[in-house]
Amino acid sequence: MSDFTLKAELRSDIGKGASRRLRRLADKIPAIVYGGKEEAKSITLDHDEINNMLDDEAAYSSIINLNIEGETEEVLITDLQRHPFKLKLMHVDFKRIVRGEDMLANIPLHLINEDKAPGKKSGGVVTQPLTVVEISCRPSKLPEYIEVDLSNLEIGESIHLSEVELPEGVQIAAFMHGEIEEHDQAVVNMLPPAVEESDDDVEVDETEVPASEQKADAGDSEEKNED
């Protein structure tokens, strides 16, 4: 598991106006830490520090050591708000990790051995309708990602959540109440190769008059009208 650390400061000024000033004047962003037995904390983060951290995909599904003015809390990112058109973060939600208790987290699904799949070798097209899955596990068992092995996938076949091999101690959150069939989504499909139309497949209306003949016919009609 990757090791991530962030520095933060407690916020004393709360509200939309204060948040706007924070982003505009100090290049910082507001955030909140919640969960566990402690009260929620409003904090500020350095925009560039967390933005650079998020360049690593693992940051979205890893436990982060959040240092708030000298005190460290283990947290997980649960929500990010971004500016609608600027490359700017607007707000971050962190949830506290409680050691010894199960936690929920959204984990990316990584496809492996795609080049070995029989369907791929036959020209099949791979689609991945599900890229992230919510899992339940203890903090010590939290994976950065879950691998989905395509090495035996044939054309016309799919791999569903129930067929994905999970790391030890990890469960699919949607399956925890026994409703597997209802939530057993397809993770990846191997579709038949796309068929390209050749010139021979294009239907031609043999009754259509070529443009050159249309001009000739038009000329003949004009001559007849002059007569």
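Strands, like helices, are taken here as DSSP runs numbered from the N terminus, a strand (E) having at least two residues and a helix (H or I) at least four. The model is predicted, so that local features need pLDDT of at least 70 and side-chain atom pairs count only at pLDDT 80 or more, while totals for chains, interfaces and linings use all residues. Residues are numbered from 1 along each chain as its sequence is written, and side-chain values use heavy atoms, with hydrogens and water left out.

Four strands form an open sheet of mixed pairing in the order E10-E7-E9-E12, where two strands pair if DSSP finds at least two bridges between them. Strand E10 (146-149) and strand E12 (171-172) are its edges, each pairing on one side only. Strand E7 (residues 103-112) runs parallel to E10 and is joined to E10 by four bridges; His110 has Glu147 in E10 as its bridge partner.

E7 also contributes at least two residues to the lining of the largest pocket, as do strand E5 (71-82) and strand E9 (132-137). Because domain 1 (4-97) and domain 2 (104-191) both give residues to this lining, the largest pocket lies between them; the domain bounds come from an automatic or database domain assignment. Of the 17 lining residues, Tyr60, Ile77, Thr78, Ala105 and Asn106 lie nearest the centre of the largest pocket.

The second largest pocket draws at least two lining residues from each of E5, strand E6 (89-96) and E7, and its lining includes Thr78, Lys95, Arg96 and Met103. A pocket here is an open set of points on a 1 Å grid over the protein atoms alone, where a 1.4 Å probe fits, with protein on both sides within 12 Å along at least five of seven lines, and lining residues have an atom within 4 Å of a point.
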